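Here is a short briefing to read alongside the model. Keep the sequence and the 3D view open as you go.

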Amino acid sequence: MRAEPVPEPWQSRSDRMARLLLLPILAVATMLTVITRSGSEHAWSAALRGGPTGAAAVALTALWSLGLSRYPTSGVRMSRRALVFCVHALLVGVLVWENPWFGVFAISGYFFADELSPAGRRAGFALIAAVLAASQTNGYPEAWNTHTLVFLLMAGFNMTMVLLMVGLTNRVMTQNAERGRMVEQLGEANRRLQASMTENAGLHAQLMVQAKEAGIVEERQRLAGEIHDTLAQGLTGIVAQLEAARQARHDEAEWSRHLDLAAALARSNLTEARRSVRALRPEQLEQATLPEAIGALARSWSEQSAVPAEVETTGMHTPAGPDVEAALFRVAQEALSNIAKHARASKVHLTLTYLDDTLLLDVADDGVGFTPTDRPGSSRNGSGFGLAGMRRRVERLSGTLNLESAPGDGTIVNATVPVQAPAVPPRHTSPLRTQATGATR
């Protein structure tokens, strides 16, 4: 037969305490027996009075109790547990037969009955309940009479009470065991949570590093766009004017005009470069609205390229935020630069449209056009950065940039950017229409 499972530590301590209390309980029961020896006694007790049986039973039980103090509380086969209980029940039964006061010691039989199998436990409880009933009714029954009836009633009462107490105790022990398991599970969950938090802290640090690196890359791209939109375009204009001056060196007036334009571009470019270092925001937007800045840009571009540029503003003008205005201004600037270099256009039309939650910019020319899908990296986009830079600017603001073109049909650049509700009253209450190169405003 297999050994019983090892009990819980608290149960092991309880069983050990029960074994150590056997001798003290026996001593108390013996003392009560001696004190109450005189007076009326049961017939069986009277028959044993003065004989050696009672003293021998007490001595044998004392030795038995002493031996049980070293009886293990776990790892004992069920057959051995049953044998120990039977011997103990026999001894307490003889002692109660000798004197009912030994029922005080008979209660210890419940301790060993509780260590039996479920079926053996019920039988053991019933046997000890009967022994205690004999103690409570002043002896075992001799014949079917009133004493026997009282004995049976008391035995049934004892059995019922002990089963109720054991059931309640088992329920409490089960709940305690469940609580213990829950505590262990919570402890394990806390350990896993701590490990997860440690891991998440590492991942967070890694993400922070990646975000920092991504921010550095994005900032580099943004700075590249700013340099392209300011220094590169300004230097391109200066080179163009100087080249024109070289070709017009025999015409002093035309030569002087191109040199003046080159000098003006150089001064403007230097100012813009200094301002870009400070805020990377177009200088034209520092003291003007977006329609005014685009109008000034178109006039300046027309003077340099000799191509008429018309600017039209529709809708109710409201401030769209510095990032949105700067992005659309740079789109207009880049689009005009590409038209001057590649389109061979005779006129340009810029349309700025204010809607409730969207700002649109269209730059259309009547130049030679091209097929965008066939020439993604062509010189139409200059260095290749211009169109990509415009798209990044707009997409960074959750907007879109579309390019429509076909050979011989010109080109339209359309930028759409969402805007938030205006935080200040609008500066204009009516649509604007602006024309560059000689048009009035």
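The notes below cover salt bridges, a pocket, a surface patch and a leucine pair. Please bear in mind that this is a predicted model.

**A salt-bridge network**

- Arg19, Arg81 and Glu115 are linked in a network of salt bridges.
- Arg19 and Glu115 meet through their side chains, with an N to O distance of 2.8 Å. Arg19 belongs to helix α1 (residues 9-20) and Glu115 to the loop between α7 (109-113) and α8 (118-136), so this pair ties together parts that are 96 residues apart in sequence.
- Glu115 also forms a salt bridge with Arg81, where the closest N and O atoms are 3.2 Å apart. Because Arg81 is in helix α5 (residues 78-98) and Glu115 is in the loop between α7 and α8, the pair ties together parts that are 34 residues apart in sequence.
- Are these residues buried or exposed? Arg19 is buried, with a relative accessible area of 2%; Arg81 is buried at 7%, and Glu115 is buried at 11%.

- Arg257 pairs with Glu254 in a salt bridge, the closest N and O atoms being 2.7 Å apart.
- Both residues lie in helix α10, three residues apart, which is about one turn of the helix.
- Arg257 is partly exposed at 37% relative accessibility, and Glu254 is partly exposed at 27%.

**The largest pocket**

- By class, the lining has 14 nonpolar, 14 polar and seven charged residues.

**The nonpolar surface patch**

- Val104 is located in helix α6 (residues 103-106) and counts as partly exposed, at 32% relative accessibility.

**A leucine pair**

- Leu242 lies in helix α9 and is partly exposed, with a relative accessible area of 41%.
- Leu242 and Leu261 are 19 residues apart along the chain, and their C-alpha atoms are separated by 8.9 Å.

Note on methods:
Residues numbered from 1 in each chain as written. Predicted model: local features only at pLDDT ≥ 70, side-chain atom pairs only at ≥ 80, totals over all residues. Heavy atoms only, no water. Helix = DSSP H or I, 4+ residues; strand = E, 2+ residues; numbered from the N terminus. Buried < 20%, exposed > 50% of the residue type's maximum accessible area, 1.4 Å probe, protein only. Nonpolar A, V, L, I, M, F, W, Y, C, P; charged D, E, K, R; others polar. Salt bridge = Lys/Arg side-chain N within 4 Å of Asp/Glu carboxyl O.
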